[in-house]
Amino acid sequence: MRTVFYLAIGILVLGYSSEASSQQPLVNLSELSSEFSYEIRYATPENFIGETLYDCAVCLLRPEVAEALVRANQYFCEKGYRIKIYDCYRPLNVQKKMWAKVPRPTYVANPYGKGSIHNKAAAVDITLETLDGCFVDMGSDYDFFGRAAHIDNYNFSEAILFHRKLLMEGMRAHGFQTIRTEWWHFSYKKNWSYKTLNTPLPCPN
């Protein structure tokens with residue numbers, strides 16, 4: 001009986017902890033570390049939509065996701081690379097604009113279904129660059145919708161395959177999961193308790 005009681009208490013505490021975590025304010029990654037590089041494509045018209053979707057270039061994440069990403073970046077820095085950020089939190093309304101242009105769930109998550117993990121502030125789109133800012137070839141551009149972006153495509157040079165393996169293994173080791181069709185996308189594995197958000201990005205007026 002006592003075992004059942006403690007088990008019940010544990011479940012309640014775990015549930016409360018998950019709920020509390022899901023309610024924490026998002027954090028700006030740049031305030032946690034200055035060691036990242038940024039190229040927020042959706043804050044420019046240089047993206048697959050061809051329109052500026054964000055009012056400012058900012059990377060917001062759930063606190064534990066941001067902390068895991070900082071640890072991952074430290075791992076890459078020790079190997080002579082650093083993370084370049086393409087995208088982080090994405091408001092649901094932006095997801096709807098994307099879906100209206102490209103309603104292909106293989107590449108764009110349906111905002112009227114489960115939406116994207118980006119809408120939960122628990123996913124990042126990233127690549128690697130050298131510590132002095134040099135380009136690292138991953139075999140396709142960011143947001144390329146085709147076979148060249150798939151992580152199970154091995155028809156590349158040894159250098160490209162090495163970079164992809166380094167990126168995927170490093171991120172998986174720090175709590176992130178891959179998806180088959182996008183080498184750049186990583187979802188934090190503990191995202192089930194996070195709510196979908198439509199909060200606007202905190203941009204200066």
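This is a predicted model: local features need pLDDT of at least 70, side-chain atom pairs count only at pLDDT 80 or more; totals for chains, interfaces and linings use all residues.
Is tyrosine 112 buried or exposed? Tyrosine 112 has a relative accessible area of 59%, so this residue counts as exposed. Good morning, colleagues.

Leaving aside residues up to four places away in sequence, tyrosine 112 touches Lys96 and Trp99. Tryptophan 99 is 13 residues from tyrosine 112 in sequence, and their C-alpha atoms are 9.3 Å apart in space.

I turn now to the interior. In soluble globular proteins, nonpolar side chains tend to be buried together. In this model, the largest nonpolar core holds 54 residues, and the members that touch the most others are Leu69, Ile83, Ile85 and Met171. Which helices and strands each supply at least two residues of this core? They are β3 (60-61), α3 (63-77), β4 (81-87), α4 (92-101), β5 (123-130), α5 (158-172) and β7 (182-188). Helix α3 provides the largest share, with seven residues.

Methionine 171 deserves a separate word. Setting aside residues up to four places away in sequence, methionine 171 is in contact with Leu69, Ala72, Phe76, Ile83, Val124, Ile126, Phe176 and Phe186. Two of these contacts, Leu69 and Ile83, were also named among the residues that touch the most other core members.

Methionine 171 is also one of the buried residues of α5, together with Ile160, His163, Arg164, Leu166, Leu167, Met168 and Gly170. Against which elements do the buried residues of α5 pack? They pack against α3, β4, β5, β6 (176-179) and β7. As for its dimensions, α5 has 15 residues and spans 21 Å from its first C-alpha to its last, close to the 21 Å expected at 1.5 Å a residue.

Strand β7 also contains serine 187. The relative accessibility of serine 187 is 7%, and this residue therefore counts as buried. Beyond residues up to four places away in sequence, the contacts of serine 187 are Ile117, Ala122, Ala123, Gly175, Phe176 and Gln177.

The next topic is the aromatic rings. A pair of aromatic rings is described by the distance of the centres and the angle of the planes. How many aromatic pairs does a search of the whole structure find? The search finds 10. In one of them, the ring centres of tyrosine 42 and phenylalanine 48 are 6.3 Å apart and the planes stand at 75°, so this pair is edge-to-face. Tyrosine 42 counts as buried, at 1% relative accessibility, whereas phenylalanine 48, at 23%, counts as partly exposed.

A further edge-to-face pair is formed by tyrosine 142 and tryptophan 184, with 5.5 Å from centre to centre and 85° between the planes. This pair links distant parts of the chain, since tyrosine 142 is in the loop between β5 and α5 while tryptophan 184 is in strand β7, 42 residues apart. Both residues of this pair are buried. Moreover, ring pairs link Tyr42, Phe48, Tyr54, Tyr86, Tyr107, Tyr142, Phe145, Trp183 and Trp184 into a cluster.

I come finally to the cysteines. A disulfide is a covalent bond between the sulfur atoms of two cysteines. How many disulfides does the structure hold? It holds two.

Cysteine 56 is buried, at a relative accessible area of 15%.

Another disulfide joins cysteine 59 to cysteine 88, again with an S to S distance of 1.9 Å. With -85° about the S-S bond, this link is left-handed. Cysteine 59 lies in the loop between β2 and β3 and cysteine 88 in the loop between β4 and α4, so this pair ties together parts that are 29 residues apart in sequence. Cysteine 59 is buried, with a relative accessible area of 1%, and cysteine 88 is buried with 0%.

When the bonded cysteines of the protein chain are numbered in sequence order, the pairing reads 1-4, 2-3. Thank you for your attention.

Note on methods:
Residues are numbered from 1 along each chain as its sequence is written. Side-chain values use heavy atoms; hydrogens and water are left out. A nonpolar core is a set of buried Ala, Val, Leu, Ile, Met, Phe, Trp, Tyr and Cys residues joined through side-chain atoms within 4.5 Å. Buried means under 20% relative accessible area, exposed over 50%, partly exposed in between (1.4 Å probe, protein chains only). Helices (H or I, at least four residues) and strands (E, at least two) are DSSP runs, numbered from the N terminus. Contact means heavy atoms within 4.5 Å. Rings of Phe, Tyr and Trp (its six-membered ring) pair if their centres lie within 6.5 Å; planes under 30 degrees apart count as stacked, over 60 as edge-to-face and the rest as tilted. A disulfide is a pair of cysteine sulfur atoms within 2.5 Å. The expected span of a helix is 1.5 Å times one less than its number of residues.
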